[in-house]
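Student: Before I use this model, I would like to go through the terms used to describe it and see what each one rests on.

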Amino acid sequence: MSILPNHHHHHHAATIGRHYHYRHHNHRIYAAATTPTKIKPNLEKLIIKPTTPFVTPPKLDDPSLKSTWPQRAWVATGCTTVLASLAASLVGSVDSHIWVEPILSGFAGYLFADLGSGVYHWGIDNYGDASTPVFGSQIDAFQGHHKWPWTITKRQFANNLHALARVITYTVLPVDLIWHDQPVVMGFVGMASGCIMFSQQFHAWAHGTKSKLPPLVVALQDSGVLVSRSQHAAHHRPPYNNNYCIVSGVWNRVLDENKVFEALEMVFFFKLGRRPRSWSEPNSDWTEELPEDSPAMDN
Ligand SMILES: [Zn+2]
Ligand SMILES: [Zn+2]
C-alpha cells in the first residue's frame, strides 16, 4: 500500500504544527513547506528544525517592549511602597519582640498573592475587552499574551511590571500610612503586594527556557516557590480555562480540581448573563502563534 505524498505532508504538518502555523501566518515560503508533491516526500527533508536560520525573532527592538522612564518611575515607587511595608513590619517586630506572627502573616501574604493573581487573571482573561474602563489595557494585553506568549520574555523589566506597580502604589501607600505601627498587618501587606507586583516577573520566568534562566530561578520554580514552567504552560494549552495563578501556582490545583472558576462563571452567567471567553474557546483569539525559536513551551 502506498502512502500518498499528501498524507505525509499532512501528518507532518500536524507534528510540527506550531512552526507550520507561524509560517502560514507570515506568508513565508520555505523549501520544506512547498516541497513539490511529485517528489517522493522524505521526512528528513520535511523536518523543520527550531534553529532554522530563516526566521528572525519577533520584533526584538519593538518599542512597545521597551521600558520608558515613567514606567521605571512607577516601578520605583511600587518597590519603595513594598519595602516601606516590609521595613515597618521589621521595625515593629524588633520593637515589640513579636516575631512569629509577622512571619506567619508574611507567609499568608505570599499565599494570598498567588490566589489574588489567579482571580485577577481569570477575570481579565474571561470578561471585558479593550474598551472596559480601568482594566481595558490589561485585558487587551493578556489577550495579546495568549496569542504571542513568547513576547513576555522579550519585555523589559519595568515595561512588564509598571501597571501592577502603579496599582500597588495607589492602594498600599495609604495602608502603610495608616497601619505602619502594626507589624503583623505590614508583614501581610508587604509580602502580598510585593508578590503581586512581581507576579508578572514570575510569569515571564515561567515562559523562560530552563537553560537561559538564572539557576536560582529554576531552583525556585522546581521547588514550587515560584510558578513552574510546566504548570503555566498548561494555561496556554486547550481548554484555556485553568492554571490562572502566576505567583507560586500553589492554588492552581485547588482551584482547578474544585472547579472554582467554572462555578463562578456559572454564577456570572445565570445572574448577569455574561459569558466568559473560555466557554467559546478555542478560537483564533486564543490560539497561540509561535515563532520558530520560541522558548515559550520549552520546559
Ligand atoms: Zn491567561
Ligand atoms: Zn503566560
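Student: What makes residues of H7 count as buried?
Tutor: A residue is buried if 20 or more other C-beta atoms lie within 10 Å of its own. In this predicted model, the H7 residues called buried are Ala-158, Asn-160, Leu-161, His-162, Leu-164, Ala-165, Ile-168, Thr-169, Val-172 and Asp-176. These buried residues pack against H4, H8 and H9.

Student: Where does H7 bend, and by how much?
Tutor: The bend is at Ala-163 and comes to about 40°.

Student: What does Met-197 touch, beyond residues up to four places away in sequence?
Tutor: Its partners are Gly-78, Val-82, Leu-161, Leu-164, Ala-165 and Ile-168. Each counts as a contact because its C-beta atom and that of Met-197 lie within 7 Å.

Student: Which residues have the most contacts inside the largest nonpolar core?
Tutor: Ala-192, Met-197 and Phe-202 do, in a core of 40 residues. Two or more residues each come from H4 (69-96), H5 (100-126), H7 (157-179), H8 (183-197) and H9 (199-206). H8 gives the most, with 10 residues.

Student: What is the mean pLDDT of the protein chain?
Tutor: The mean is 82, and 74% of the residues reach 70 or more. Over residues 1-58, however, pLDDT is below 50, although the model has 44 contacts there beyond near neighbours in sequence. Residues 292-299 also stay under 50, with 23 contacts beyond four places in sequence. Where pLDDT is low, the predicted coordinates should not be read in detail.

Conventions:
Residues are numbered from 1 along each chain as its sequence is written. Chains are lettered from A and ligands numbered from 1 in the order in which they are written. This is a predicted model: local features need pLDDT of at least 70, side-chain atom pairs count only at pLDDT 80 or more; totals for chains, interfaces and linings use all residues. pLDDT is the predictor's confidence in each residue, from 0 to 100. Two residues are in contact if their C-beta atoms, placed from the backbone, lie within 7 Å. A nonpolar core is a set of buried Ala, Val, Leu, Ile, Met, Phe, Trp, Tyr and Cys residues joined through C-beta atoms within 7 Å. A residue is buried if 20 or more other C-beta atoms lie within 10 Å of its own, exposed if 12 or fewer, and partly exposed in between; C-beta atoms are placed from the backbone. Helices (H or I, at least four residues) and strands (E, at least two) are DSSP runs, numbered from the N terminus. The bend at a residue is the angle between axes fitted to the seven residues ending there and the seven starting there.
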